[in-house]
Structure formats: structure tokens, C-alpha cells
Amino acid sequence: MERTTGVVFPAADGTRSTSALGRAVVADALRAVDPVGARSAEHETNWRHGYLGHFRRLVEAGLLSREAAVTVARDGLASLHARMRVVPDDGPEAALEEVFSTSTGQPLRTATVAGTGEVERELSLPYRGQRLRGDDLRRRLDAWVTAGVVEPSCAEAVRAVMDNPDWLDLRDQRIVVLGAGAEMGPLPSVLRWGGDVVAVDLPRPEIWRRLLRTAHRYAGRLHLPVRPGTADDDEALAAGAGADLLHRLPQAAEWLLGLDGRLVLGNYVYADGATNVRVAMAVDALTRRLQQHRDDVALAFLATPTDVFAVPTEAVRHAERGYAARGVARRSLRLLSGGRLLHRNYPPGADPGINDSLVPQQGPNYALAKRLQRWRATVARDAGTSVSFKVAPPTRTRSVLRNRALAAAYAGAHRFGIEVFEPATSNTLMAALLVHDLRTGGGPAHAHPWQDEAYAAAHGGLWRVPYAPRSALGLAVLLGLGGARA
């Protein structure tokens with residue numbers, strides 16, 4: 001077996017099987033609440049294609065009660081931490097929980113870059129070539145709510161930020177952006193508003209050159225981890241900056257533990273394929289480490305809309321009205337497809353509804369990486385931690401556009417009432433919702449974790465369209481490919 005270092009999957013029969021881990025973790029998460037579902041997951045013979053129903057079942061099992069949802073989350077995380085492993089560069093494989101007892105390597109120091117731009121104290125949103133603010137932004141929020149693109153609570157939260165511009169002054173927080181170069185992260189907005197960003201990303205000079213240009217452009221301060229002895233000019237900083245969470249996790253943890261001020265640990269990491277689970281687990285281990293040694297850590301997450309969520313009855317009714325209004329066209333397409341296309345999004349009267357927007361092309365590793373973040377948000381909130389968890393809209397990020405099928409589906413999605421956002425619109429909207437949560441203690445308290453997840457969701461319309469998303473996916477791909485050729 002080839003030696004892979006850092007946070008790794010457990011080995012079995014000479015391989016590190018991602019499918020074996022996924023089956024085992026989902027089964028462990030379900031076992032106490034849904035033992036039949038746990039056995040079904042354990043005996044799934046085609047995890048690569050069969051995972052969809054099991055990830056839906058995780059949500060359905062949690063709807064039994066608040067305690068059930070927290071149990072699923074807690075047991076899923078416990079299973080992951082018990083099973084995942086760490087392989088140092090020059091030592092024996094060990095349990096993930098032992099990662100922080102290994103050498104931290106050379107300590108990182110903090111370099112700070114102060115921007116030269118003007119502080120902005122009015123919320124504005126880039127949208128289709130314009131920058132919306134004031135009444136224009138309010139009208140856009142109203143239009144999104146009417147079209148079912150965002151939940152009404154999302155528009156209300158953004159309006160609250162607009163009505164309280166002093167909330168944008170985040171100098172009392174240290175916004176830690178894990179995955180600082182990610183297109184969906186809040187780094188540009190926080191710097192625009194004059195705040196402090198603690199940037200964590202891989203030691204790749206091209207990433208840091210771009211981040212340094214952003215820092216100089218705006219008014220905030222960028223704090224970055226650099227190797228000792230690194231000079232303070234931009235080229236030297238770009239060459240010497242970075243913290244590798246996958247392979248140098250103790251080093252990154254020690255650096256973050258030494259920072260002053262309240263930390264808001266924002267998780268915006270992403271990697272392709274199985275590495276996504278590995279880096280997501282590294283971040284979760286880091287999260288636990290910081291929580292164990294500091295009592296001032298808040299958490300922030302962005303959820304993908306292409307997952308399974310329980311949704312409010314108002315969203316179900318919106319979808320039902322749309323389904324009833326498209327009768328003739330729907331019946332014709334369903335007949336032509338032999339009943340495979342354009343199923344209704346929800347059973348009539350569902351409360352809550354189950355929106356299943358999982359996309360098979362994204363695969364079980366992506367689903368697991370995103371689900372473990374939801375589990376951490378649930379467990380942390382249950383323990384009293386301040387948590388910002390927001391469903392982000394479908395967005396034309398580089399990672400999405402690399403997948404031809406997904407890129408085509410996004411190009412054709414508007415035919416079904418789904419709005420796909422540009423990255424600048426998404427990351428600014430999500431940054432505004434983060435501000436709302438930081439200034440309101442994580443948003444309103446809800447009786448059940450599914451309601452916490454649904455609050456202020458900006459799902460792009462997936463929750464309120466008439467048709468179950470996967471039943472329209474093939475048509476969206478065809479329409480998107482046709483539009484691209486045209």
C-alpha cells in the first residue's frame with residue numbers, strides 16, 4: 001500500500017477504502033436512533049451509487065426529536081474520530097486523536113498586512129454588473145423571496161444588517177478563514193468593512209499573492225502564518241506564508257491557539273475527491289482542539305444546497321403551488337419519460353418537507369465531508385457554542401465548473417426556477433449573514449436542529465421549485481448543453 005501521510009482513511013485489507021469508511025460512519029450515526037437504517041447502510045454493496053438514500057435517512061431519523069438529531073450528529077462525529085488515522089512523515093501510523101501529541105514542527109509566526117482602502121459601513125451587494133445598496137438591495141431581496149430563491153428569514157437577516165451598519169465593524173472579532181483562498185469565503189467583505197481576518201491556506205505562493213493584493217486594496221488587516229525569518233515584503237510573505245492542515249495540523253493549531261482576541265473559526269475548505277473528507281476531518285480535529293483550550297471560539301459554516309434538508313411547510317406550499325400551475329407540460333414530459341422525470345418535490349401537506357437535492361455526480365465523499373460539518377454545528381450549538389450555519393446558494397465556482405455535467409446543469413437550472421449565483425454575490429451575501437449571526441448570538445433559538453439549519457437559507461430555489469431536483473437534473477443538463485452550443 002502506497003504511503004500517504006497526514007490525516008488518512010483507515011486501512012483495511014491493504015487499502016484505504018473510502019466506501020468502507022462511509023458505510024461504517026453512516027451506520028454508526030444511525031444505530032442508536034434507526035437500527036434498521038444502520039443495518040441497511042452496513043449492507044449497501046454499491047456505496048458509490050447507493051449512498052443517496054442513506055444520507056437522506058440520516059436526516060429523516062433525526063426528525064424524531066431534538067435528541068435524535070443530536071445523537072445522530074454526535075455518534076457520526078465519534079465514529080469518524082475513532083476511525084480516521086494520522087501518518088506522520090517519519091513515524092508510525094496512529095489514531096487521529098493522537099495527532100496533537102506529535103511534533104508541531106517549526107513554530108509559525110504572525111505577519112500582519114494593513115490595507116490602505118476606505119472603510120465601508122454600508123452593506124452593498126455585487127449583482128449582475130451592479131453594486132446594490134439601499135432601496136435597490138431591498139428590492140432585490142424582495143424579488144428573491146417572491147421567486148423562492150431565498151427563505152424570507154434570509155431577507156430579514158440581511159435587512160437587519162442594513163439597518164444596523166455599525167454591525168459591520170468587526171474589529172472586536174478575529175475572523176479565521178480556513179481556506180482563505182476559497183471563492184465562497186468572507187475574506188474580501190470583512191476586509192472591505194475594516195475587520196481583522198486570520199487567513200489559513202496552503203503554502204502556495206499564488207494563493208498568497210492574490211490574498212495580499214486583496215488586503216492592500218481594502219481597509220482591514222490580514223494576519224497570516226509565515227515561517228520564521230520571512231521578510232515583510234509581499235513577495236517574501238507570499239513565498240513564506242501558509243499552514244498545511246492536512247499534513248502539519250499541530251503546527252497550525254499551536255499558531256491559532258497563540259492568537260489574541262475572540263476567534264470566529266470559519267470553515268471554507270474544499271478539496272477534490274477523497275481528500276475532501278481528509279481535510280474536513282483535519283479541520284474538525286482542529287476545531288475540537290481549539291474548543292478544548294479556549295472558551296472564546298465561535299464557529300461558522302457554509303452548507304451546500306445540494307444536500308438533504310428538512311424544510312418549512314411554507315416552502316412545501318410554495319412548491320405545491322408551482323406544481324399545480326404546470327400541469328399540462330409536466331404531464332406530457334412525465335408521460336414521454338415513462339414517469340422518470342419531474343416528480344413533485346414533496347408529498348402534499350408535508351410538514352416539514354424533506355428536500356433531497358443530493359447530486360450523484362458530486363459523490364459520497366463530498367456528501368460525507370459536508371455532513372460532518374453539519375454534525376459539528378449541531379453538536380456545538382447543543383453545547384452552547386455560538387454557531388453560524390448557513391445554506392449557501394448554488395454558485396459558479398471553479399470547482400463546480402470543472403465538472404462538465406454540473407456546469408451544464410447550472411447553465412440550464414434557470415429553466416426550472418433555480419438561480420445560480422456568481423461567486424462575488426454569494427460570498428458577500430454569506431458574509432452579511434455571518435455578521436447577522438455574530439451580532440445576534442447565532443441567530444434565534446429553535447426547538448429542533450433542522451430549524452436551525454433552515455433559518456436564513458439561501459438555497460437558490462431548490463427548496464421551493466415544483467420538482468424534486470434530481471428528477472429535473474437530466475433535463476437541466478440537456479438544456480444547459482444546448483445553450484452552451486448555441
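**Reading the terms against the values**

Reader: Why does Ser-189 count as buried?

Author: The relative accessibility of Ser-189 is 4%. Buried means under 20% relative accessible area, exposed means over 50%, and partly exposed lies in between, with a 1.4 Å probe and protein chains only. The value of 4% is under 20%, so Ser-189 counts as buried. The model is predicted: local features need pLDDT of at least 70, side-chain atom pairs count only at pLDDT 80 or more, and totals for chains, interfaces and linings use all residues. Residues are numbered from 1 along each chain as its sequence is written, and side-chain values use heavy atoms, with hydrogens and water left out.

Reader: Where does Ser-189 lie, and what is in contact with it apart from its neighbours within four places in sequence?

Author: Ser-189 lies in helix 7, residues 187-192. Helices (H or I, at least four residues) and strands (E, at least two) are DSSP runs, numbered from the N terminus. Contact means heavy atoms within 4.5 Å. With neighbours within four places in sequence left aside, Ser-189 is in contact with Asn-427, Thr-428 and Ala-431.

Reader: How do you know whether Val-420 is buried or exposed?

Author: Val-420 has 9% relative accessibility and therefore counts as buried. This residue is found in the loop between helix 16 (404-412) and helix 17. Leaving aside neighbours within four places in sequence, Val-420 is in contact with Pro-394, Thr-395, Arg-396, Tyr-410 and Ala-413. One of these, Thr-395, is 25 residues away along the chain, and its C-alpha atom is separated from that of Val-420 by 5.4 Å.

Reader: What makes the length of helix 14 agree with expectation?

Author: The expected span of a helix is 1.5 Å times one less than its number of residues. Helix 14 (residues 363-382) has 20 residues and should therefore span 28 Å; its end C-alpha atoms are 29 Å apart, which agrees. Helix 14 is also mostly covered, as 19 of its 20 residues are buried. Just after helix 14, Gly-384 takes a positive phi of about 100 degrees.

Reader: How does the reach of helix 6 compare with the span expected at 1.5 Å a residue, and which of its residues are buried?

Author: Helix 6 (residues 152-163) has 12 residues and reaches 17 Å from first C-alpha to last, close to the expected 16 Å. Its buried residues are Ser-153, Cys-154, Ala-155, Ala-157, Val-158, Ala-160, Val-161 and Met-162. These buried residues pack against helix 5 (134-147), helix 17 (423-439) and helix 18 (449-454).

Reader: Why are Leu-249 and Gln-251 called buried?

Author: Leu-249 has 1% relative accessibility and therefore counts as buried. Gln-251 has a relative accessible area of 14%, so this residue is buried too. Leu-249 is found in helix 10, and Gln-251 lies in that helix, residues 249-257. Not counting residues up to four places away in sequence, Gln-251 touches Thr-104, Gln-106 and Leu-108. Under the corresponding exclusion, the contacts of Leu-249 include Val-99, Phe-100 and Ala-282.

Reader: Which peptide bond is cis?

Author: The bond from Asp-351 to Pro-352 is cis, with omega near -5 degrees. Pro-352 is found in the loop between helix 13 (327-336) and strand 13 (353-356).

Reader: How many helices and strands does the chain have, and how do you know how compact the chain is?

Author: The chain has 19 helices and 14 strands. Its radius of gyration is 22 Å, close to the 23 Å that the globule rule gives for 486 residues, so the chain is as compact as a globular protein of that length. The radius is taken over C-alpha atoms, and the globule rule is 2.2 Å times the number of residues to the power 0.38. Buried residues make up 58% of the 486 residues.
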